[in-house]
Amino acid sequence: MRALALACWLVSAAAGALPAVTYHLDAAGTGDFPTISAAIYAAESGDSILLAAGLYLGPANTRLSFAGRDIVLAGAGPGATILDCEDSGVRAVRFENGA
């Protein structure tokens, strides 16, 4: 009986574990999501968001918050990946709540 209960628990635990997802974005908004904010909102801890080289403008591509999730945000080069706040005085990325 214990073996059956352990087997059921292992199967249910494995079924709940989803593999990490990698999203690809480009500055033109034609990647997996139109903006970095949209990708972060959809991502779960463990996921990655790769930004193609380019200039990312606008509030949906700045003032970014990971909301405490463990998400990788990285430039996918070659070339520079720039989150341009357009001299607005806002931060491009804010890390808080253990992000």
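Select strand 2 (residues 48–51) and strand 5: they pair in the parallel sense over four bridges. Strands here are DSSP runs of E with at least two residues, helices are runs of H or I with at least four residues, and both are numbered from the N terminus. Two strands pair if DSSP finds at least two bridges between them. Now pick serine 48; valine 72 in strand 5 stands opposite.

This is a predicted model, so local features need pLDDT of at least 70 and side-chain atom pairs count only at pLDDT 80 or more, while totals for chains, interfaces and linings use all residues. Residues are numbered from 1 along each chain as its sequence is written, and side-chain values use heavy atoms, with hydrogens and water left out.

**The sheet**

Four bridges join strand 1 to strand 2, and the two run parallel. Histidine 24 stands opposite leucine 50 in strand 2. You now have an open sheet of three strands, in the order 1-2-5, with parallel pairing. Its edge strands are strand 1 (22–25) and strand 5 (72–75), each pairing on one side only. From one strand to the next, the twist averages 20°. That angle is taken between N-to-C directions, from 0 to 180 degrees, with axes as lines fitted to C-alpha atoms. Strands of a sheet pair through backbone hydrogen bonds, either parallel or antiparallel.

Show the side chains of strand 1. Tyr23 and Leu25 form its covered face. Thr22 and His24 form the uncovered one.

**The core**

Which residues have the most contacts inside the largest nonpolar core? Select Tyr23, Leu25, Ile36, Ile40, Ile49, Leu51 and Ile71. The core has 13 residues. A nonpolar core is a set of buried Ala, Val, Leu, Ile, Met, Phe, Trp, Tyr and Cys residues joined through side-chain atoms within 4.5 Å. Buried means under 20% relative accessible area, exposed over 50%, and partly exposed in between (1.4 Å probe, protein chains only). Strand 1, helix 2 (36–42) and strand 2 each give two or more residues to this core. Helix 2 gives the most, with three residues.

Centre on isoleucine 36. Not counting residues up to four places away in sequence, isoleucine 36 touches Leu25, Leu51, Tyr56, Ala60, Asn61, Leu64, Leu73 and Leu83. A contact means heavy atoms within 4.5 Å.

**Two loop residues**

Go to arginine 63, in the loop between strand 3 (54–56) and strand 4 (64–65). Its phi is positive, about 55°, although arginine 63 is not a glycine. Arginine 63 is exposed, with a relative accessible area of 54%. Next, select alanine 67, in the loop between strand 4 and strand 5. The phi of alanine 67 is near 55°, again a positive value in a residue other than glycine. Most residues other than glycine have a negative phi.

**Zoom out**

Colour by pLDDT, the predictor's confidence in each residue, from 0 to 100. The mean for the protein is 81, and 76% of its residues reach 70 or more. Confidence is highest in strand 1, at 96, and lowest in helix 1 (residues 2–16), at a mean of 51. Over residues 5–9, pLDDT stays under 50, and the model has zero contacts there beyond four places in sequence.

Finally, show the whole protein as a cartoon. Two helices and seven strands make up its secondary structure. They run α-β-α-β-β-β-β-β-β from the N terminus on. Of the 99 residues, 21% count as buried.
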